[in-house]
Each structure stands twice: as structure tokens, then as C-alpha cells.
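Dear colleague,

Please find the structure below, handed over for your own work. A summary of the findings follows it.

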Amino acid sequence: MKKEIICIGCPMGCYLTIDYDGKTIQNVSGNRCKVGLEYAEKEISNPERTLTSTVRVKNGHLPLVSVRTNKPLPKGRIFDTMDLLAKVEVEAPIKIGDQIVENLFGTGVNIVATKNVSHKG
Amino acid sequence: MSDFQSRVVDLVVIGAGPAGLAAAISAKKNGVNDLILLERNNWLGGILPQCIHDGFGLEVFQEPLTGPEYAQRYIDELKDLKIPCFLNSMVLEVTPKKEVFVASPEGLFCFIAKAIILAMGCRERTRGQICIPGSRPAGVFTAGVVQNLINLKNVMVGRDVVILGSGDIGLIIARRLTLEGAKVHAVVEIMPHTNGLPRNVQQCLIDYDIPLLLSHTVTEINGLNRVESVTISPVDENLKPIKGKEQRIPCDTLLVSVGLIPENDLSKAFGVELSSVTAGAIVKENLETSVHGVFACGNVLHVHDVVDFVTLEAERAGKSAAEYVLGKSQKMDRIHVETGDGIRYVLPQNICTDADLELSIRVLCPGESVSIGFFDDQKLVKTKKFVKVHPAQMIKVKLKKSEIMALKTLKVEVLQK
């Protein structure tokens with residue numbers, strides 16, 4: 001089978017063509033470096049993305065704190081994670097790097113804060 | 001303006017977004033102790049706190065950061081260096097004598113500065129500026145406003161969305177709206193190519209099956225109280241809508257993401273010469289504008305695609321302002337850089353130095369295996385080859401001291417294959 005994707009490894013944006021059979025890659029073309037090769041392999045075996053979003057804050061100087069996954073998350077879990085984050089509320093103060101949710105759906109991926117939110121007032 | 005308390009300072013930096021923060025830090029590190037940073041909002045970091053996606057910092061920190069994380073690194077450094085910052089402070093006027101009039105919660109001030117760094121950033125073009133016909137219902141937003149509402153204020157803007165403009169901001173907000181439960185029916189782009197990075201087309205549109213309609217534009221907004229639909233049309237090679245090919249997309253929200261304009265009202269009013277192409281100041285390589293001792297950097301100078309380049313440019317502006325304040329010798333403009341075929345602009349526009357320098361170049365059209373030529377009086381003196389060029393990606397080219405010394409004129413042009 002053939003799949004055409006754009007590498008997200010850097011701003012260059014190489015257009016990759018992947019020849020594969022099931023989860024085995026036969027050939028990758030269009031990449032200009034090994035980041036593209038690794039990305040192509042991941043896209044066929046287990047596509048992942050870093051997810052960024054926000055969660056609600058109680059008693060914060062802002063109503064929301066921005067968050068991210070601490071490492072790329074299996075793509076199929078993105079909307080499950082969004083549903084889960086919609087129910088999360090954390091208490092201020094929050095510091096960059098604070099863990100908000102641990103081990104999402106057993107993937108070993110955590111949600112961490114990307115913003116400092118101080119206590120209201 | 002006698003109600004203003006006068007204060008003499010070495011350097012005033014206007015704007016505390018990524019450019020202002022980096023410029024102030026750099027000026028201080030290069031020996032300016034008496035400086036102040038002015039910011040009209042009640043926070044530091046400008047637009048970065050609402051840019052919660054990642055990909056910032058690859059150039060400066062060699063790691064992908066989100067906007068708030070990137071900003072915090074500079075905010076922490078600003079505090080460590082004890083650089084005084086006035087928040088909620090609006091600059092009312094700057095004069096050619098470098099008096100900066102400010103209204104702040106602490107009172108009215110007139111800072112009499114030896115040097116000024118302009119770092120006011122840019123603002124979004126609106127529906128009005130691109131003259132989309134139709135009624136004027138609620139539900140028409142610029143992309144940045146929506147990013148602010150969703151990411152900072154926890155306000156959702158609509159359920160069924162069409163986005164006009166495929167720059168990176170448009171692409172990123174398409175993904176964000178989708179993650180938050182809206183249906184983005186289409187991203188509509190008048191040009192035959194997207195203006196965003198290819199990787200954002202993949203991870204923001206293709207990943208979420210959002211259609212990208214190239215060579216199309218919104219020709220009418222319909223709805224009385226709230227947007228009910230938009231009419232879109234394909235465009236011909238002159239970007240004019242083709243009659244009879246319109247289609248209606250039912251939606252409750254239209255986002256316009258159609259470019260950014262450097263915010264130069266202050267600069268213009270005190271005589272800073274602006275470029276009609278970049279809408280920012282005309283500068284020499286030390287980022288000094290046509291007014292001596294006034295420097296510009298970041299998106300107020302020209303709209304950047306990567307914040308890292310804003311930071312690097314602002315650091316140079318900070319260093320140049322420090323050299324000016326500390327009385328290092330100034331040179332006159334020697335070469336005016338001309339732009340030829342295929343080039344939108346080159347920065348700096350003027351060169352007076354005899355040291356190594358870096359040119360920032362933006363092309364007009366995307367292309368593969370493109371060569372850019374550097375001409376001195378119609379003689380090709382340097383060629384630089386690129387695997388790929390894109391209007392959304394600034395090209396940086398270094399010129400060596402020996403190369404510059406030999407030049408009498410300089411014209412930059414995309415070479416025909």
C-alpha cells in the first residue's frame with residue numbers, strides 16, 4: 001500500500017511517500033533526513049501527536065491553565081483525552097511543569113501545566 | 001504637557017511581548033542600566049500566553065515549547081535582571097526628540113530617552129479591511145480573538161465554523177476549534193497555495209479531515225442576527241471570484257485569518273520612515289530606523305513566522321541600542337538594498353556596515369530548487385541555492401565582511417531556471 005503524508009518533524013515539511021504492507025514499511029521517499037524516516041515508521045505502526053489544551057482553574061488569577069502532554073500521545077486517544085480534560089478542575093496556584101493528570105489511559109503519558117497561574121487576589 | 005512628570009532615562013522599550021522582553025534583556029546585558037519597559041496590557045509576553053500549541057523555541061532552546069512556556073523563560077530573566085516594567089501603561093505619543101509620553105496607573109510620565117526600541121508588535125487584518133460583502137451579523141471573528149477567547153477566557157465562539165485564510169494562525173485555530181468540539185467545515189484560501197507551513201497542514205487539517213479549499217474566497221456573509229451561512233466562490237488567476245460557481249456553506253461562525261499588520265501608528269506620528277511593503281520601519285542592519293537612536297524589532301518591524309526569529313532580532317536591537325547609548329560610533333547608510341523578481345522584501349533595507357551581516361528575505365511564490373542571486377550593478381556576485389522556498393518561511397542569508405566591502409550596490413532576485 002502507498003500513503004502520502006507531510007513530515008511534521010521540522011518547518012521544512014517534506015512530502016513523504018510510504019510504501020508499506022500492514023505495519024511493515026517497504027520504502028520511504030521524499031524525506032531529507034532521518035527524522036522523516038522515524039516519523040514515517042511511527043505513522044504506520046503507531047501514530048502519535050503532542051496534544052495541547054487547557055483545563056479549568058479554581059481560585060486562579062486566570063480561569064484556565066494551558067496544558068500539554070509530556071510526550072506524544074497515541075493519535076487515537078486525542079479525543080478521549082479532550083473529554084477527560086473537560087472534567088478536570090485544578091486549584092491555584094499552579095506552576096509550569098506541575099502534573100495535572102497522570103498516566104492517561106495507561107499510555108504512560110501525563111498531562112502537565114505550561115503556565116504559572118497564581119492565586120486570585 | 002505640564003501634567004506629565006519628566007524623567008530622563010537611557011532607554012525606553014515600548015511593548016513587552018517577545019520582542020520587547022528580549023530587547024530589554026539584551027540592552028541590559030550589553031551595559032544599559034537605566035532602562036524601562038512599557039506595556040499597555042496587564043501581563044508580560046504579548047500574544048504568547050494565548051498560543052498554547054507547541055513548536056516555539058526550536059531555534060533558540062533546541063526544544064519544542066508552548067507559547068506560555070517560551071514567554072516565561074524571558075519573564076523570569078527580566079525579573080532576575082531587575083528591569084523595571086510598567087504594566088497597564090499606554091504610550092500616548094513619542095516625539096522626534098525622543099520624549100515618550102505615557103499614561104500609567106502610577107500617573108502621567110514623560111520619559112526623555114537617549115534611545116528607544118519600538119516593539120509594539122502587530123494586529124490582525126479584519127473583515128472590514130478585506131471588504132467581504134453581506135450583512136453584519138454576530139459570529140464574525142478574527143482568528144487571534146478566538147484564540148484569546150478559547151484559550152484564556154474559556155469562552156467558546158460557535159459550533160459550525162468556516163475559516164478564511166490558511167496561514168499558520170488559521171490552521172492552528174482550525175485544530176483548536178475541532179478539539180473543543182466545533183465542526184470546521186472548511187479552511188478557504190484565495191491563493192493557489194497555503195500560506196502556512198506544510199507540517200501545520202498535516203497536523204492541523206489532514207489529521208482532523210478538515211477540507212482546505214485553495215483558490216477560493218468568501219464572497220458573502222449571510223444572516224441577520226447571527227451568521228447563518230457564507231457564500232464561497234472559486235477565483236480565477238487574477239484572484240477574482242468566478243461568477244456562477246458560488247456555493248453556500250451553512251455555519252454560525254466565520255473566522256478571518258487574513259494577515260497581520262505591524263502596529264506603527266506611534267512610529268509614523270513622529271516621523272519614522274516606513275516601508276510600503278513590510279508596513280514596518282525602514283532600517284539599517286543595526287535595526288536603527290530613520291530617526292537616530294530609535295530602533296525597531298519583532299512584528300512591528302516586519303511580520304515574522306517564528307517567534308525565535310523575533311527574539312534573535314530583538315536581541316540585536318537591544319545590543320545596537322546599547323551601543324548607541326554608550327556612544328559607540330555611528331556610520332552612514334552606504335548601500336540601499338533593492339529587490340528584484342520574485343522577492344517580496346529584504347531586511348535590512350539599508351547597509352552601512354563593514355562587518356558580517358544576515359539578510360532576512362521573503363519570496364513571493366513557493367518553489368523547489370530555487371536560486372537567489374545577489375547582484376552588484378547587474379553583475380551576479382553571489383548565488384544561494386534552496387531546496388525549497390515558501391512565502392511563509394523567511395530565508396536567512398549571511399553576507400561576509402569581505403563580500404559587503406566589495407559591494408557598491410545590492411539587488412536580490414530569484415534567478416530564472
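The notes below cover conventions, the contact between the chains, and selected elements.

This is a predicted model, in which local features need pLDDT of at least 70 and side-chain atom pairs count only at pLDDT 80 or more, while totals for chains, interfaces and linings use all residues. Residues are numbered from 1 along each chain as its sequence is written, and chains are lettered from A and ligands numbered from 1 in the order in which they are written.

Chain A is divided into domain 1 (2–45) and domain 2 (52–113), with bounds from an automatic or database domain assignment. The centres of domain 1 and domain 2 of chain A, taken over C-alpha atoms, are separated by 29 Å.

Between the chains, 22 residues of chain B are in contact with 24 residues of chain A (contact: C-beta atoms, placed from the backbone, within 7 Å). On the side of chain B that touches chain A, the elements giving two or more residues are helix 2 (67–80), helix 4 (143–153), helix 6 (198–205) and strand 25 (379–389) of chain B. Helices (H or I, at least four residues) and strands (E, at least two) are DSSP runs, numbered from the N terminus. Helix 6 of chain B provides the largest share of that side, 5 residues.

Strand 24 (residues 367–376) and strand 25 of chain B pair in the antiparallel sense over 9 bridges, and B:Asp376 stands opposite B:Lys379 in strand 25.

Helix 1 (residues 18–29) of chain B has 12 residues and should span 16 Å at 1.5 Å a residue; its end C-alpha atoms are 17 Å apart, which agrees (expected span: 1.5 Å times one less than the number of residues). Helix 1 of chain B is largely enclosed by the rest of the structure, because 11 of its 12 residues are buried (buried: 20 or more other C-beta atoms within 10 Å of a residue's own; exposed: 12 or fewer; partly exposed: in between; C-beta atoms placed from the backbone). The cover over these buried residues includes strand 1, strand 2 (35–38), helix 2, strand 8 (107–118) and helix 8 (307–325) of chain B.

B:Val8 lies in strand 1 (residues 5–14) of chain B, and B:Val8 counts as exposed because it has 10 C-beta neighbours inside 10 Å.

Yours sincerely

How values were computed:
Contact = placed C-beta atoms within 7 Å. Pairing = 2+ DSSP bridges.
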